[in-house]
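Dear colleague,

I am handing over the structure we spoke of, and below it you will find an account of what was found in it. Please read the text with the coordinates open beside it.

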Amino acid sequence: MPLPLRLLAMLCAFGVMVAFAVVLARLTLEPSPASVSLTHTNLHPGRSLKAYLDQPALRDAVKQIGGNILLGVPFGVLVPVLAPRARGLLRVLTLTAVVMLLVEFAQGALITGRAFDIDDVILNTTGALIGYVLLGRRMGRAVHARERLPQGAAKRTKGA
């Protein structure tokens, strides 16, 4: 991809990431005083998922699980475009998990009516995996194509 198009793609991805960060902050870091009695810290993977699925209204479970998965998808799509060194699957998932852990720590420590939930981190990271597999990997490769060495150059550099 020519440099001007690459720069434009990265600029657009940066704009989308900033917009996503604003949405993420509004969804996760706003106080919820009415929920104080309902929030409980969850350090056991699967506990919240089970609670969501045990709810009588399937709609609520889909909203909780699906919403957390959707929050991770932009990381899987945008990180490979914005950070060529973080293009690999493991790097994207690690970066997503770290960011979401920080968000959850902030929720649990600083926000009224919010709590740390490890299942949210797992669901967000799953969303990043889905975004990466469906679109992020291809977009990252399109924007940051690796330069190919002329044939025979690889053999010369290996022996050097």
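Of the 160 residues in the protein, 33% are buried; please keep in mind throughout that this is a predicted model. The protein has six helices and zero strands, so that its pattern, when read along the sequence, is α-α-α-α-α-α.

Helix packing

Two packed helices are described by the angle between their axes and the distance between those axes, and I report two pairs in that way, both of which involve H3.

For H3 and H5, the axes come within 5 Å and cross at roughly 30°; because angles under 35 degrees count as roughly parallel, these two helices are roughly parallel to each other. The crossing of H3 and H5 is right-handed, and the residues of their contact divide by class into 15 nonpolar, eight polar and one charged.

For H1 and H3, the axes come within 10 Å and cross at roughly 155°, and since angles over 145 degrees count as roughly antiparallel, H1 and H3 are therefore roughly antiparallel to each other. The crossing of H1 and H3 is left-handed.

A residue of H5

The C-alpha atoms of Leu134 and Val73 are separated by 9.6 Å, although the two residues are 61 residues apart along the chain.

The largest pocket

The largest pocket has a volume of about 960 Å³, and its lining is made up of 32 residues, of which Tyr52, Gln64, Asn68, Arg114 and Asp120 lie nearest its centre. The elements that give two or more residues to this lining are helix H1 (3–28), helix H2 (47–53), helix H3 (58–82), helix H4 (89–110) and helix H5 (118–143).

Which of these helices gives the most to the lining? That helix is H3, with seven residues. Divided by class, the lining of the largest pocket has eleven nonpolar, 14 polar and seven charged residues.

With kind regards

How values were computed. Residues numbered from 1 in each chain as written. Predicted model: local features only at pLDDT ≥ 70, side-chain atom pairs only at ≥ 80, totals over all residues. Heavy atoms only, no water. 1 Å grid on protein atoms, 1.4 Å probe; cavity = no way out; pocket = protein on both sides within 12 Å on 5 of 7 lines; lining within 4 Å. Points joined across faces, edges and corners; volume = space filled by probe spheres on them. Helix = DSSP H or I, 4+ residues; strand = E, 2+ residues; numbered from the N terminus. Nonpolar A, V, L, I, M, F, W, Y, C, P; charged D, E, K, R; others polar. Axes fitted to C-alpha atoms, helices over the stretch in contact; angles between N-to-C directions. Parallel < 35°, antiparallel > 145°, perpendicular 65-115°, else oblique. Left-handed = near helix turned anticlockwise from the far one by under 90°. Buried < 20%, exposed > 50% of the residue type's maximum accessible area, 1.4 Å probe, protein only.
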